[in-house]
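Q: Hey, can you walk me through this one? Let's begin with what the words mean.

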Amino acid sequence: MKYQEILKTAKDELSQAPDTNALYQVRVRYLGKNGTITSLMKELKNLSPEKRPAFGQQINELKNAIEEHYQNRKKTLKKSEISHEVSKDFLDLSLPGPTPKGGAFHPIEQIIQKTSSIFTHLGYKKVSGPLIETDWYNFSALNIPPDHPSRDNQDTFYLDSEHLLRTHTSPVQIRSLERLKPPLAIIAPGAVFRRDEIDSSHSPHFHQMEGLFIDRKVSMSHLKGTLSYFLKELQGSSAKIRFRPSFFPFTEPSAEYDSSCFICKGKGCSLCKGTGWIEIGGCGLVHPQVLKASEVNPEKWQGFAFGMGMDRLALLEYGIPDIRLFYENRMSFLEQFENALFF
C-alpha cells in the first residue's frame, strides 16, 4: 500500500471515530508499537544504504501527518463531549439542583473543641481575653521580671511602649482572677504571637490553651490527676504521662509534661525521636506573687495552671508533618477534615 493510501485510510478512520476511546484505538493501530508505522520501519533493514534516508523521511512524514490529524480530531471530540455533559447535567430542568457543599471547622478549631469538651466535662469554664495586651497582664502580673528574655523585641511584637500582641494565653489567668472570685476553674484557648521564624514546627501566629484551677489546699497531685485524665481522654486509656522539673516565673514548683507516644506506644519512633515521649506543655502550682498581683490571698487560696500548644496537638492528632499547612488555605488539605465537625 502506498503512503498516500495509508494516510487517506487513517484519516478516514480517525474522522469516523465516534468518541475519544474509539479514536485512541485507531491511533494505536497506526502508531502503536505493533502498528502500521512500526511495521514499515522494520523494512528499513532490507533496503540499501542509499534508499534508507528517503524511506525513513517518508515514514516520518506519514507518522506526523497521522498524529496531527489525531490531535485535531481529539480536540473536536472533547469539545463535543463537554458540551454534551453540560447540556445533560445542567440544562435539563427536570433534574434536581446540585446539593450545596457543607463547610467544616478548621483542624485547629477541631482540636480546640475536642480539648475544651474534655475540660468542660470536668467543670472548667471556657473564657477568653484580648489579643492586644498590656505589659502588666502579659508580663509583670505573671511575675516575669523586667530583664526576662521573653520581653525582648526579638521575641515580642510591641505596638508601643505599653501594648503588645500577647505572647501566651496566661494573661487570661490574671483577668479571670480579677473578675471572678475563687474557687474557679477556667480554660482559655486562643491565638498568640511571637517573633518566630516560619518553618515546619514554628510560626509567628499560633494557638495555645491555658488552664487555671484555684481552690483551697490545692497540690501537685491534683494537677497530675487532671492532666493524666485529660491525656487519657484525648489519646485513649493506654496513654501515659510524665512530669519533668522545669522553671516558669508564674508557677512554683514548675514542670513540663510529656505524653507517651501514641504512634509507637513508648517503644521509640521518628515522631518521638526515639524517646517514646512527646512534649505537650508546661504546668505548675500558681506562684504566690501571681495571686497577690490579682489581689487573691495566697494564704487562703492555692491553685495550679497548665498550658499546651493547640497547633502541636493538632499535628500529633492528625499526623500532619508541617505546621505551615494550617495557614496556607489549601483546599486539597482542608477538605480532608470535612467529615469531622460541620457547621
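A: Buried means under 20% relative accessible area, exposed means over 50%, and partly exposed is in between (1.4 Å probe, protein chains only). This is a predicted model, so to speak of local features we need pLDDT of at least 70, side-chain atom pairs count only at pLDDT 80 or more, and totals for chains, interfaces and linings use all residues. Residues are numbered from 1 along each chain as its sequence is written, and side-chain values use heavy atoms, with hydrogens and water left out.

Q: Okay, is tyrosine 124 buried or exposed?
A: Tyrosine 124 counts as buried because its relative accessibility is 7%.

Q: How many aromatic pairs are there in the whole structure?
A: A search finds 12. Rings of Phe, Tyr and Trp (its six-membered ring) pair if their centres lie within 6.5 Å; planes under 30 degrees apart are stacked, over 60 edge-to-face, and the rest tilted. Tyrosine 124 and phenylalanine 213 make a tilted pair, because their planes are at 45°, with ring centres 6.4 Å apart.

Q: Where do those two sit in the chain?
A: Tyrosine 124 is in the loop between α5 (107-121) and β1 (125-126), while phenylalanine 213 is in strand β5 (residues 205-215), 89 residues apart. Helices (H or I, at least four residues) and strands (E, at least two) are DSSP runs, numbered from the N terminus.

Q: What about phenylalanine 213 and phenylalanine 304?
A: Their planes are at 20° and their centres 5.2 Å apart, so that pair is stacked. Phenylalanine 304 lies in strand β9 (residues 302-309), so the pair ties together parts 91 residues apart in sequence. Phenylalanine 304 counts as buried at 1% relative accessibility, whereas phenylalanine 213 is partly exposed at 22%.

Q: Which residues form the aromatic cluster?
A: Phe119, Tyr124, Phe213, Phe230, Phe304 and Phe306 form one cluster.

Q: New topic: what's the strand order in the open sheet?
A: The 7 strands go β1-β4-β5-β9-β8-β7-β6, with mixed pairing. β1 and β6 (241-248) are at the edges with a single partner strand each, so one side of each has no neighbour in the sheet. Two strands pair if DSSP finds at least two bridges between them.

Q: How many bridges join β8 to β9?
A: There are 5, and strand β8 (residues 277-286) runs antiparallel to β9. Glycine 281 stands opposite methionine 308 in β9.
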